Amino acid sequence: MTRGFLRKIKLLLMVILVVGGSWALTQWVGGEETIIINGRKVTVIDGDSFKDADDEYRIYGIDAPEYRQICKDSENRDWPCGKSSRTALETALGEGEHSCDVRARDRYGRMIVTCTNADRDLGASMVEQGHAMSSENFDQVIYGREEASAEKAKRGIWQGAFEKPSNWRASHPR
């Protein structure tokens, strides 16, 4: 073998490593889709939050599985419920115009928002599809009817066993 041939092989291997490493990194980090809301580009973080260049937003009344959270399906197999929840929010936000109204700021400085699209509440939709749980506000369950519907139909996280997102966060600090 000539030295030139060996250099070409090394170069090819380096290219393969760089491309493969880049692909692996995007799989590990997770691809983010940019969406326009209220005229601003936003990036979905997980099933209940998104951000723009200036702020981070959390959808009022829901608690979705964290991006890296794993749930069990109806046959007790692992499935990436956190990734599924984020994908569902990306899809929902990508469907038409959404209007988001700020209700408050949470203890982390995020804006708590209610988002609607054609008179459909995004939080209600995420809970009803089983991609999030209803959260409580002053002992009132925000989307109790939607959560009961998802649980009865075994949609999303309700198809098998899962850890409440708040409990999962407590046992998996960042």
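**Exercise 1. A salt bridge in a helix**

Which side chain meets that of Glu90 in a salt bridge?

*Solution.* The model is a predicted one, in which local features need pLDDT of at least 70 and side-chain atom pairs count only at pLDDT 80 or more, while totals for chains, interfaces and linings use all residues. Residues are numbered from 1 along each chain as its sequence is written, and side-chain values use heavy atoms, with hydrogens and water left out.

Step 1. Apply the criterion: a salt bridge is a side-chain nitrogen of Lys or Arg within 4 Å of a carboxyl oxygen of Asp or Glu. The side chain of Arg86 meets that of Glu90 at 3.9 Å, N to O.

Step 2. Locate the partners. Helices (H or I, at least four residues) and strands (E, at least two) are DSSP runs, numbered from the N terminus. Glu90 and Arg86 are four residues apart in helix H2, so about one helical turn separates them.

Step 3. Determine the exposure. Buried means under 20% relative accessible area, exposed over 50%, and partly exposed in between (1.4 Å probe, protein chains only). Glu90 and Arg86 are both buried.

**Exercise 2. Further salt bridges**

State how many salt bridges a search of the whole structure finds, and describe the exposure of the partners in two of them.

*Solution.* Step 1. The search gives twelve salt bridges.

Step 1. Lys72 and Asp78 form one of them, at 2.6 Å from N to O. Lys72 is partly exposed at 28% relative accessibility, whereas Asp78 is exposed at 54%.

Step 2. Glu128 and Arg120 also meet in a salt bridge, at 2.6 Å from N to O. Glu128 is partly exposed, with 28% relative accessibility, and Arg120 is partly exposed, with 35%.

Step 3. A network of salt bridges links Asp48, Arg58, Asp63, Glu66 and Arg169.

**Exercise 3. The disulfides**

Identify the disulfides and state what each of them ties together.

*Solution.* Step 1. A disulfide is a covalent bond between the sulfur atoms of two cysteines. In the model, the criterion is a pair of cysteine sulfur atoms within 2.5 Å. Two disulfides are present, and with the bonded cysteines of the chain numbered in sequence order, the pairing is 1-2, 3-4.

Step 1. Cys71 is joined to Cys81, with an S to S distance of 2.1 Å. Cys71 belongs to strand E6 (residues 71-72) and Cys81 to helix H2 (residues 81-94), so this pair ties together parts that are ten residues apart in sequence. The torsion about the S-S bond of Cys71 and Cys81 is about 70 degrees, and therefore the disulfide is right-handed. Cys71 is buried at 1% relative accessible area, and Cys81 is buried at 2%.

Step 2. Cys100 is joined to Cys115, also with an S to S distance of 2.1 Å. Cys100 lies in strand E8 (residues 99-105) and Cys115 in strand E9 (residues 111-117), so the pair ties together parts that are 15 residues apart in sequence. The link of Cys100 and Cys115 is right-handed, with 110 degrees about the S-S bond. Cys100 is buried at 12% relative accessible area, and Cys115 is buried at 1%.

**Exercise 4. The largest pocket**

Describe the lining of the largest pocket.

*Solution.* Step 1. On a 1 Å grid over the protein atoms alone, a pocket is an open set of points where a 1.4 Å probe fits, with protein on both sides within 12 Å along at least five of seven lines; lining residues have an atom within 4 Å of a point.

Step 1. The lining consists of 43 residues, of which Arg58, Asp63, Glu66, Arg110 and Arg169 lie nearest the centre of the pocket.

Step 2. Helix H5 (residues 165-171) provides the largest share of this lining, four residues.
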